[in-house]
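Here is a short note to read with the model open beside you. Take the points in order and find each residue as it comes up.

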Amino acid sequence: MTKEFHTNISQITLQYQRKVKANERPKISSALRAYQLFRANWDDMTINLFEEFKILLLDRNNQCMGIVPIAKGGVSGVTVDPKLIFASALKARACGIILGHNHPSGGLKASSADKAITRKIVQGAHYLDISILDHLIVTDDEYYSMADDNLVSFTL
């Protein structure tokens with residue numbers, strides 16, 4: 001008895017479309033600079049409405065290759081799938097990532113869920129040889145840097 005073998009499968013392609021020349025990319029040298037870049041690319045109409053999670057992808061010179069929206073959530077949380085973060089980073093050949101999400105309440109305190117997802121992403125990035133440089137909580141006019149509080153580190 002023979003079974004029919006199907007050869008129709010989906011084609012998967014990887015693309016990274018560069019719109020900014022490498023020498024024109026903004027350099028991220030501080031949490032403030034990362035905040036400014038996140039804030040400039042955050043919708044003023046939604047920053048106080050619902051949580052969003054975005055990442056900045058960096059080259060080996062800490063120049064920003066692009067910003068990737070990862071997830072949108074509700075008023076008090078957002079579900080983040082690390083696979084989407086790593087797929088984006090690998091696709092762009094990023095060497096570093098800065099995580100960022102907003103708190104619609106305007107609060108800057110990192111929740112236990114914020115810390116847990118950061119640890120999970122840092123651990124996964126370690127195995128891919130990608131640096132997680134920071135995780136920012138973004139509001140209208142302020143930010144909180146987990147790296148500044150030594151919450152973005154991982155040791156085996």
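## Notes on the model

1. Asn150 sits in the segment after E5. This is a predicted model. The phi angle of Asn150 is positive, about 55 degrees, although the residue is not a glycine. Its relative accessible area is 65%, so Asn150 counts as exposed.

2. Asp129 lies in the loop between H3 and E4. Asp129 is not a glycine, yet its phi is positive, at about 60 degrees. Is Asp129 buried or exposed? With a relative accessible area of 70%, Asp129 is exposed.

3. **The overall layout.** Now step back to the whole chain. There are 3 helices and 5 strands. Along the sequence their pattern reads α-β-β-α-β-α-β-β. The C-alpha trace spans about 65 × 40 × 40 Å along its principal axes. The chain has 156 residues, and 41% of them count as buried. Take the contacts with a separation of 6 or more: 67% of these join residues 24 or more positions apart.

4. **The largest core.** In soluble globular proteins, nonpolar side chains tend to be buried together. Here, the largest nonpolar core has 27 residues. Phe53, Ile55, Leu57, Ile85, Ile97 and Ile121 have the most contacts inside it. Which elements give two or more residues to this core? They are strands E1 (52–58), E2 (64–72), E3 (96–102) and E4 (131–138), together with helices H2 (82–92) and H3 (112–128).

5. Pick out Ile121. Set aside its neighbours within four places in sequence. Ile121 is then in contact with Phe53, Val80, Pro82, Ile85, Phe86, Leu99 and Ile132.

6. **Helix H2.** The buried residues of H2 are Pro82, Ile85, Phe86, Ser88, Ala89 and Ala92. Why do they line one face of the helix? Seen down the axis of H2, they fall within an arc of 160 degrees, so they line one face. E1, E2, E3 and H3 are included in what covers the buried residues of H2.

7. **Helix H1.** Turn to H1, residues 31–40. Its buried residues are Ala31, Ala34, Tyr35, Leu37, Phe38 and Arg39. Their cover includes the strands E1, E2, E3, E4 and E5.

8. Asp44 belongs to the loop between H1 and E1. Asp44 has a relative accessible area of 53%, and over 50% counts as exposed, so Asp44 is exposed. Asp44 and Leu32 are 12 residues apart in sequence. From C-alpha to C-alpha, they are 18 Å apart in space.

9. **Tyr143 in strand E5.** Find Tyr143 in strand E5. Its relative accessible area is 26%, so Tyr143 is partly exposed. Which residues does Tyr143 contact, leaving aside neighbours within four places in sequence? They are Ala31, Leu32, Tyr35, Leu108, Leu136 and Ile137. Tyr143 and Lys109 are 34 residues apart in sequence, and their C-alpha atoms are 9.7 Å apart.

10. Asp141 is in the loop between E4 and strand E5 (143–145). Its relative accessibility is 61%, so Asp141 counts as exposed. Asp141 and Gly106 are 35 residues apart along the chain. Their C-alpha atoms are separated by 9.0 Å.

11. **A pocket.** Last, look at the second largest pocket. About 240 Å³ of space lies in it. Its lining has 16 residues. Glu51, Gly77, Val78, Ser111 and Asp114 lie nearest the centre of the pocket. H3 gives the most to the lining, with 3 residues. By class, the lining has 7 nonpolar, 7 polar and 2 charged residues.

Key
Residues numbered from 1 in each chain as written. Predicted model: local features only at pLDDT ≥ 70, side-chain atom pairs only at ≥ 80, totals over all residues. Heavy atoms only, no water. Core = buried A, V, L, I, M, F, W, Y, C linked by side-chain atoms within 4.5 Å. Buried < 20%, exposed > 50% of the residue type's maximum accessible area, 1.4 Å probe, protein only. Helix = DSSP H or I, 4+ residues; strand = E, 2+ residues; numbered from the N terminus. Contact = heavy atoms within 4.5 Å. 1 Å grid on protein atoms, 1.4 Å probe; cavity = no way out; pocket = protein on both sides within 12 Å on 5 of 7 lines; lining within 4 Å. Points joined across faces, edges and corners; volume = space filled by probe spheres on them. Nonpolar A, V, L, I, M, F, W, Y, C, P; charged D, E, K, R; others polar. Arc of directions from axis to C-beta.
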